[in-house]
Amino acid sequence: MTPPKARPAPDRGPADSVEADRLRELLRTPAYRKVLVFSALIGIPISLAAFWFLVGLHELEHVLWADVPKSLGWDTPPAWWPLPLLSVAGVLVGLVVTRLPGSGGHVPAYGLHAGAASAAALPGVIVAAAASLPFGAALGPEAPLIALGGGLALLFRRLVRAPATPQSTALLGAAGAAAGIAAIFGNPLIAAVLLIEVAGVGGPQLFVVMLPALLSSGVGAVVFTGFGRWTGLETGSLSVHFPTSPPRLDTGDVVWSVVLAAGIGALVHLVIIGGRLTAAFVADSPFVRTVICAVAAGGCAALYTVVTGRTPVEVASSGQASLAELAADPHAWSVGALLAVLLCKSAAYALCLGSLRGGLVFPVLFLGAAAGVLLAPLPGLGVIPGAAAGMAAAAAAALRLPVSSVALVVLVLGNSETIPVVILAAVTAFVTAELLPPGPSATSRRRRGREPEGGIVRA
């Protein structure tokens, strides 16, 4: 009996073969290898710049919201404290938007941007972020870090007089952005995953863009982490630590996570639409209306303190510190306080999204966690699964980046037990938000005479 002949491996399709050959040819070119080496080298100065930038923001925020009130005799800022600070923020950002190149960076209501980094816009990006974030904007630092990293990468290329081509500009912009945001999320892989979805590329082009970005973000994370330990300075980190270990998931956790995610996805989508409506309102008179919206955001924080007696920082901030406090002691928040912070911070978030400068991620993670903790008493739903599902749902609905949202929440929580509800919540919220009416777009805002800065818009 003759043995059966081994079947040959199926041939790759013509398109797959051509694309794979093209990728190999690109990896063999000296120009691309130079880009990889340059990406590793620029990861060092960009991560150091990001480190000092975040240290400066962190220290200034501490001075404005802790040191100065204590020197005046208050243990916590009084209710009216956000109003003058956010007034200053509105004036400074309004001046940047109307006077400096780049308008202080892209409008956060239109999502994260990848590409189109500009060295000329760097001063405006830095000033607008420094005026927004420490002074009480309900925004995060990730968008300014993307602009800072991408702009510095192109500035370094200009300093060494490297040839400028459209491809090198895209590659170095992505690498610089990855190095800038690698450490703020606590893991350089988040930078790579985030840029994969923000850039919206695939196939060989994905590897072409992501290899420099991944290399630069890895080098940047090493430098950033080591330098922070050597100096003892703090930049703030996005991580949460619950007082108890995650429970075993049961049917109630899974079912409620889907229901919760659909509701949170719809609500966050409405908040993002509110941010875009704010951006359209500000576009007609940038300076005056930026100040108006900033003061209104301060009013939301003041109202929260008047109603609850808690610190206005829980509304007038990125939410990074408040998220850690909520996770450490979720039972310290009453139902009324959770409802108030959800309403007031959502309103402040929408106002800041369309007027000031910063990122979407940090505040929306806090809002999702607060919603999850609020709904945790539902039968069969625990605090940790509720918070995990809420964070994933809110992030996916705001960013429209489901894979990045899952990776981010899993790494922030630091456990694997909640991964199933995180994935279910992210997908449910993403689908829910995508099926709802999109609201005003960046294109409609462009027709009104002010085009948002940046390149590709996702969200």
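Let's start with a helix pair. Helix α11, residues 320–328, and helix α13, residues 361–375, have axes that come within 9 Å and cross at roughly 25 degrees. Those axes are lines fitted to C-alpha atoms, for helices over the stretch in contact, with angles running from 0 to 180 degrees between N-to-C directions. Angles under 35 degrees count as roughly parallel, over 145 as roughly antiparallel, 65 to 115 as roughly perpendicular and the rest as oblique, and α11 and α13 are therefore roughly parallel to each other. The contact (heavy atoms within 4.5 Å) uses Gln320, Ser322, Leu323 and Leu326 from α11, with Phe362, Leu365, Phe366, Ala369, Ala370 and Val373 from α13. Sorted by class, that contact of α11 with α13 has 8 nonpolar, 2 polar and no charged residues. For the classes, Ala, Val, Leu, Ile, Met, Phe, Trp, Tyr, Cys and Pro count as nonpolar, Asp, Glu, Lys and Arg as charged, and the others, Gly among them, as polar.

Quick housekeeping. This is a predicted model, where local features need pLDDT of at least 70 and side-chain atom pairs count only at pLDDT 80 or more, while totals for chains, interfaces and linings use all residues. Residues are numbered from 1 along each chain as its sequence is written, and side-chain values use heavy atoms, with hydrogens and water left out.

Zooming out, the protein chain has 17 helices and 2 strands. Helices (H or I, at least four residues) and strands (E, at least two) are DSSP runs, numbered from the N terminus. Of its 459 residues, 53% count as buried, where buried means under 20% relative accessible area, exposed over 50% and partly exposed in between, with a 1.4 Å probe and protein chains only. Among contacts in the chain with a separation of 6 or more, 81% are between residues 24 or more positions apart.

Alanine 179 sits in helix α6, residues 166–181, and is buried at a relative accessible area of 2%.

Now another helix pair. The axes of α10 (residues 286–308) and α12 (residues 335–355) come within 8 Å and cross at roughly 170 degrees. That makes α10 roughly antiparallel to α12. Which classes of residue make up the contact of α10 with α12? There are 14 nonpolar, 3 polar and no charged residues. Among those on the α10 side are Cys293, Cys300 and Tyr304, and the α12 side includes Cys344, Leu351 and Cys352.

On to the loop between α3 (82–99) and β1 (112–114), where histidine 106 is placed. Is histidine 106 buried or exposed? Histidine 106 is buried, at 12% relative accessible area. Its side chain reaches the backbone oxygen of glycine 111 at 2.9 Å.

Last topic: backbone angles. Most residues other than glycine have a negative phi. Serine 103, also in the loop between α3 and β1, has a positive phi near 55 degrees, and counts as buried at 12% relative accessibility. Arginine 400 has a positive phi too, near 60 degrees. Look for arginine 400 in the loop between α14 (383–399) and α15 (402–413); at 16% relative accessibility, arginine 400 counts as buried.

That's my tour, thanks.

Terms used. Polar contact = N/O pair within 3.5 Å; in protein donor to acceptor, adjacent residues only side chain to side chain.
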